[in-house]
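Please keep the sequence and the structure in view while reading.

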Amino acid sequence: MSVFRAGLASCSWPVFVTVLGCASATRPGGAMDDRQPRTYEVVRLTAPVTIDADWDKPVWKSVKPLELTFFMGERPEHFPKVQARLAYDAEAIYAIFRVQDRYVRAVARQHQDAVCRDSCVEFFFTPASDTATGYFNVEMNCGGTMLFHFQVVPRQNQVPLSPADLERVEVAHTMPKIVEPEIATPTTWTVEYRIPFDLLRKYYPAIRKPAPGVVWKANLYKCGDATSHPHWLTWSYVDRPRPDFHVPTSFGTLLFR
């Protein structure tokens, strides 16, 4: 399997218009208790990490994955299995996603393009416990192209990270940058990235640097707005009449250990 590495990649305003076009969130076969905000324990790494998109490497094997089991709108015909692992060390937070997918597409070419229209995974987070103070949205397609913004009020006065800052995000992915035409057969893909804490501090000076007992708020998503089988999956339940990922009040909890 080929692995691709980059400094970063893309997603912009048209994305949010597209995401808003459907109906309400639920969980397949889930009880109401399942809809309580999720909590995930983020462990501290004890060894260096090579960013290579290898889901099975030793450093990740001891980290329990979370899974995206909720969906927004009607239950999608195509429901990919999406897992993620998060971890940290003294300098950065790490994320890796594995998607057992189908109908895979990636056409965004530039950083901060509308990557949510592609086969895309997303990590929204407030690096503190109060979502009212703002949040980051990191949206990455299967080809490693990323959008990375900060905002206090959803979709208002969004601050895109600068090109120089995007280059500091170390990224690896198992699919090529462009996937077109769409791959209609079952395909598993992985993306992995490292975000330095000092980079986040430039846009959010009040960051709570992770340490045992520190809490951040977050949600994780999977979408594919302009694929042949669109879907909107979430980790923590979002109660909205239409698909909408920009709902920080529905973020779950990241508890650092």
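This is a predicted model: local features need pLDDT of at least 70, side-chain atom pairs count only at pLDDT 80 or more; totals for chains, interfaces and linings use all residues.

## Salt bridges across the chain

Asp198 and Arg168 bring their side chains together in a salt bridge, with N and O 3.1 Å apart. The two partners belong to distant parts of the chain, Asp198 to helix H4 (residues 197–203) and Arg168 to the loop between helix H3 (163–166) and strand S13 (170–173), 30 residues apart. Asp198 counts as partly exposed, because its relative accessibility is 40%, and Arg168 is likewise partly exposed, with a relative accessible area of 36%.

Another salt bridge is formed by the side chains of Arg155 and Asp244, at 2.1 Å from N to O. Here Arg155 sits in the loop between strand S11 (146–151) and strand S12 (159–160), while Asp244 sits in the loop between strand S17 (232–234) and strand S18 (252–256), so the pair ties together parts that are 89 residues apart in sequence. Arg155 and Asp244 are both buried.

| Salt bridge | N to O distance |
|---|---|
| Asp198 and Arg168 | 3.1 Å |
| Arg155 and Asp244 | 2.1 Å |

## The chain as a whole

The protein chain contains 4 helices and 18 strands, and 57% of its 257 residues count as buried. Among the contacts in the chain with a separation of 6 or more, 72% are between residues 24 or more positions apart.

As for confidence, the mean pLDDT of the chain is 90, and 88% of its residues reach 70 or more. Over residues 7–31, however, the pLDDT is below 50, and this stretch has 102 contacts in the model beyond near neighbours in sequence.

## The largest pocket

Which residues line the largest pocket? They are Arg38, Thr39, Tyr40, Glu41, Val43, Ser62, Val63, Lys64, Pro65, Leu66 and Trp235. The space in this pocket is about 170 Å³. Strand S3 (residues 39–44) supplies the largest share of the lining, with 4 residues. Sorted by class, the lining holds 6 nonpolar, 2 polar and 3 charged residues.

## A buried threonine

Thr131 is located in the loop between strand S9 (120–126) and strand S10 (135–141). With a relative accessible area of 16%, Thr131 falls under the 20% cut-off and is therefore buried. Leaving aside neighbours within four places in sequence, Thr131 is in contact with Thr126, Lys217, Pro248, Thr249 and Phe251.

## Backbone details

Most residues other than glycine have a negative phi, and most peptide bonds are trans.

The peptide bond that joins Glu180 and Pro181 is cis, with omega about 10°, and Pro181 is found in strand S14 (residues 179–183).

Ala53, a residue other than glycine, has a positive phi near 65°. Ala53 is found in the loop between S3 and H2, and it counts as buried because its relative accessibility is 5%.

Tyr103, which is not a glycine either, has a positive phi of about 60°. Tyr103 is placed in the loop between strand S7 (92–101) and strand S8 (104–106), and with a relative accessible area of 15% this tyrosine is buried.

Definitions and conventions. Residues are numbered from 1 along each chain as its sequence is written. Side-chain values use heavy atoms; hydrogens and water are left out. On a 1 Å grid over the protein atoms alone, a cavity is a set of points where a 1.4 Å probe fits but cannot get out, and a pocket is an open set with protein on both sides within 12 Å along at least five of seven lines; lining residues have an atom within 4 Å of a point. Grid points are joined across faces, edges and corners, and a volume is the space filled by probe spheres set on the points. Helices (H or I, at least four residues) and strands (E, at least two) are DSSP runs, numbered from the N terminus. Ala, Val, Leu, Ile, Met, Phe, Trp, Tyr, Cys and Pro count as nonpolar, Asp, Glu, Lys and Arg as charged, and the others, Gly among them, as polar. A salt bridge is a side-chain nitrogen of Lys or Arg within 4 Å of a carboxyl oxygen of Asp or Glu. Buried means under 20% relative accessible area, exposed over 50%, partly exposed in between (1.4 Å probe, protein chains only). pLDDT is the predictor's confidence in each residue, from 0 to 100. Contact means heavy atoms within 4.5 Å.
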